[in-house]
Amino acid sequence: MAKVTISLDSDLAIEVMLLSGTRSPQDAVELIVRDYLATRSRTEARTGDAADQNRLIDRPLRAEEG
């Protein structure tokens, strides 16, 4: 697995560590990113994704047959 190095404001990293209950900034950021991805997946499962954008187009109602 490839590793990525980033720079964060120390106050931001500490706040995330406190809120997430982790002991290192790396663990905190990884947890937050994993949570973000899981939340996005759950949202797409409920609402669809960009490929489903056609379902949002207003279509004229068809007269009921029968």
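The protein's secondary structure comes to two helices and zero strands. Helices (H or I, at least four residues) and strands (E, at least two) are DSSP runs, numbered from the N terminus. This is a predicted model, where local features need pLDDT of at least 70 and side-chain atom pairs count only at pLDDT 80 or more, while totals for chains, interfaces and linings use all residues. Residues are numbered from 1 along each chain as its sequence is written, and side-chain values use heavy atoms, leaving out hydrogens and water.

Biologist: What percentage of the residues in the protein is buried?

Modeller: Buried means under 20% relative accessible area, exposed over 50%, and partly exposed in between (1.4 Å probe, protein chains only). The protein has 66 residues, and the buried share is 6%.

Biologist: How much of the accessible surface belongs to carbon and sulfur atoms?

Modeller: Accessible areas come from the Shrake-Rupley method with a 1.4 Å probe; for residues, only the protein chains shown count as cover. The surface of the protein comes to about 6,600 Å². The share of carbon and sulfur atoms is 54%.

Biologist: Is Ala 28 buried or exposed?

Modeller: Ala 28 lies in helix α2. Contact means heavy atoms within 4.5 Å. Not counting residues up to four places away in sequence, Ala 28 touches Val 16, Met 17, Ser 20 and Thr 22. Its relative accessible area is 1%, so Ala 28 is buried.

Biologist: How far apart are the C-alpha atoms of Ala 28 and Ala 13?

Modeller: Along the chain, Ala 28 and Ala 13 are 15 residues apart.

Biologist: Which residues is Leu 31 in contact with, leaving aside its neighbours within four places in sequence?

Modeller: Leu 31 is also found in helix α2. At 41% relative accessibility, it counts as partly exposed. From Met 17, Leu 31 is 14 residues away in sequence and 9.8 Å away in space, C-alpha to C-alpha. Its contacts are Ser 20 and Thr 22.

Biologist: Which residues form the nonpolar patch on the surface?

Modeller: Patches are made of residues with over 30% relative accessible area and no salt bridge: like charges are joined within 9 Å, nonpolar side chains (Val, Leu, Ile, Met, Phe, Trp, Tyr) within 5 Å. Leu 8, in the segment before α1 (10–20), is partly exposed at 43%. Together the patch has about 400 Å² of accessible area. Its members are Val 4, Ile 6, Leu 8 and Leu 12.

Biologist: How much space lies in the largest pocket?

Modeller: On a 1 Å grid over the protein atoms alone, a pocket is an open set of points where a 1.4 Å probe fits, with protein on both sides within 12 Å along at least five of seven lines; lining residues have an atom within 4 Å of a point. Grid points are joined across faces, edges and corners, and a volume is the space filled by probe spheres set on the points. For the largest pocket this gives about 520 Å³.

Biologist: Which of the 14 lining residues are the closest to its centre?

Modeller: The largest share of the lining, six residues, comes from α2. The closest to the centre are Val 4, Ile 6, Gln 26, Val 29 and Glu 30.

Technical notes: Salt bridge = Lys/Arg side-chain N within 4 Å of Asp/Glu carboxyl O.
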